[in-house]
Structures are given as C-alpha cells and as structure tokens.
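Work through the exercises below with the sequence and the structure at hand. Each task is followed by a solution in steps.

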Amino acid sequence: RMKSPKAFLEVNGRSFTELIAGVYSGFVDEMVLVLNGAFCAPRWLQSLVRLPENMIYITNDKPHLDRIHSLLLGARASYARKAFVHNVDQPFVTREVIQKLLLAQNSGDVIIPSFNHQHGHPVLINEQVLTRLRTTTCSDITLKEFYSSFDRHFVDVNDPSILCNINTPEDLERELTHKIAI
C-alpha cells in the first residue's frame, strides 16, 4: 500500500525509524528494531546506517505469526528490564508521551496511553512482562490477549499521535496536514 516498507518511509529526509529513534534519545539505553524479513533487502537496509549506535535490528522471518512474535523476538534480543513497544507506523509520538508513560511506570505491568478514551501506542512494559516474553513459546495469542494477563494501567495523554496508524499514502498526508495545522 505504501510502495516501500514503513520503517524506511521518509518525512523531511528522515525515515520513520529515525523519527521514532529520535523521540527515545536520552530515555533508553538500547533500541531493538524488528523488521519483517522480506524487507531486509540491501536497498532498504542501507538507510539503517543513519540510525543511532544503540539500535540493533533483527529480522522476523515469520510475520504471519502476528505482532506477538515480533515482540517475542525483540524481548529476547534485549537485556532491558523495561521496554517500550512502538509500532513503526506511528512515527509522530512525542517525547511528552514517553515522559508521561515513564512517570506512571510503577502503576502497572503494562502502561498504555489513552487519548479521548481510546488506547494507543507506544506501550511501556515492565520486567515481569519481558520475562514472560523471553520464556514463552506460545505465539498463538494476540498481543492484546497477552497484555490482558497483566496488570494494565492507562495514562491519559493530550496527544492524538498515539492513535496514528499510517497504512496508506492518504493516512500519511492526513497526519502531515494535521501536524502543520497545529
């Protein structure tokens, strides 16, 4: 739909991945990018040289197993005690959202931002969630089902970008127009 993998789409000369990494700069020690194995052709991977040194990428060669499988892979590639789960098609989340989630990190196992009573991303997960991800073999449940087995806490944020989901060129145009209008 987008004519290229979302991770490598660009806005003002910066890929979605670069935009997302920039938001987390100073908040996290390491970043793990899980890429669909089909999108790891050299023509795409050359843009990864512009990413921060504390970001590694791994491939998911089983993308049909839903997002939970990507999260399993990412958790196993990391030594973090807490982690943000951030969808690559949400490149406009702000540092303020990250700060609010971090302030609420002791309020539950899964910290989820909410805007106008709608839940979005990124989601902050704690060590208990990461440990279960690292030790589980099941990938037959959805991410939502997995999260529901933990204590979830919702944080109100004044940022509609947590609901953004760019799947088409029209979605991107709408988001960029909204950003300019603000």
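**Exercise 1.** Find the bridge partner of S114 in β7, and describe how β6 and β7 pair.

*Solution.* The model is a predicted one. Step 1: S114 has H119 of β7 as its bridge partner. Step 2: the pairing of β6 with strand β7 (residues 118-119) is antiparallel and has 2 bridges. Step 3: the hairpin of β6 and β7 leaves 2 residues between the strands, and N116 there has a positive phi near 50 degrees.

**Exercise 2.** Determine which sense of pairing β6 has with β8 and with β9.

*Solution.* Step 2: β6 and β9 run parallel and are joined by 5 bridges. In that pairing V110 lies opposite R152.

**Exercise 3.** Decide whether strand β6 is largely enclosed or open.

*Solution.* Step 1: sort the side chains by direction. V110, I112 and S114 point one way, while I111, P113 and F115 point the other way. Step 2: apply the cut-off for buried, under 20% relative accessible area. On both sides, all of these residues are buried. Step 3: because 6 of the 6 residues of β6 (residues 110-115) are buried, the strand is largely enclosed by the rest of the structure.

**Exercise 4.** Describe the lining of the second largest pocket.

*Solution.* Step 1: the pocket holds about 250 Å³ of space. Step 2: its lining includes I112, H119, V123 and R152. Step 3: α6 (143-148) and β9 (152-156) each give two or more residues to this lining, and α6 has the largest share with 3 residues. Step 4: by class, the lining has 5 nonpolar, 3 polar and 3 charged residues.

Definitions and conventions
Residues numbered from 1 in each chain as written. Predicted model: local features only at pLDDT ≥ 70, side-chain atom pairs only at ≥ 80, totals over all residues. Heavy atoms only, no water. 1 Å grid on protein atoms, 1.4 Å probe; cavity = no way out; pocket = protein on both sides within 12 Å on 5 of 7 lines; lining within 4 Å. Points joined across faces, edges and corners; volume = space filled by probe spheres on them. Helix = DSSP H or I, 4+ residues; strand = E, 2+ residues; numbered from the N terminus. Nonpolar A, V, L, I, M, F, W, Y, C, P; charged D, E, K, R; others polar. Buried < 20%, exposed > 50% of the residue type's maximum accessible area, 1.4 Å probe, protein only. Pairing = 2+ DSSP bridges.
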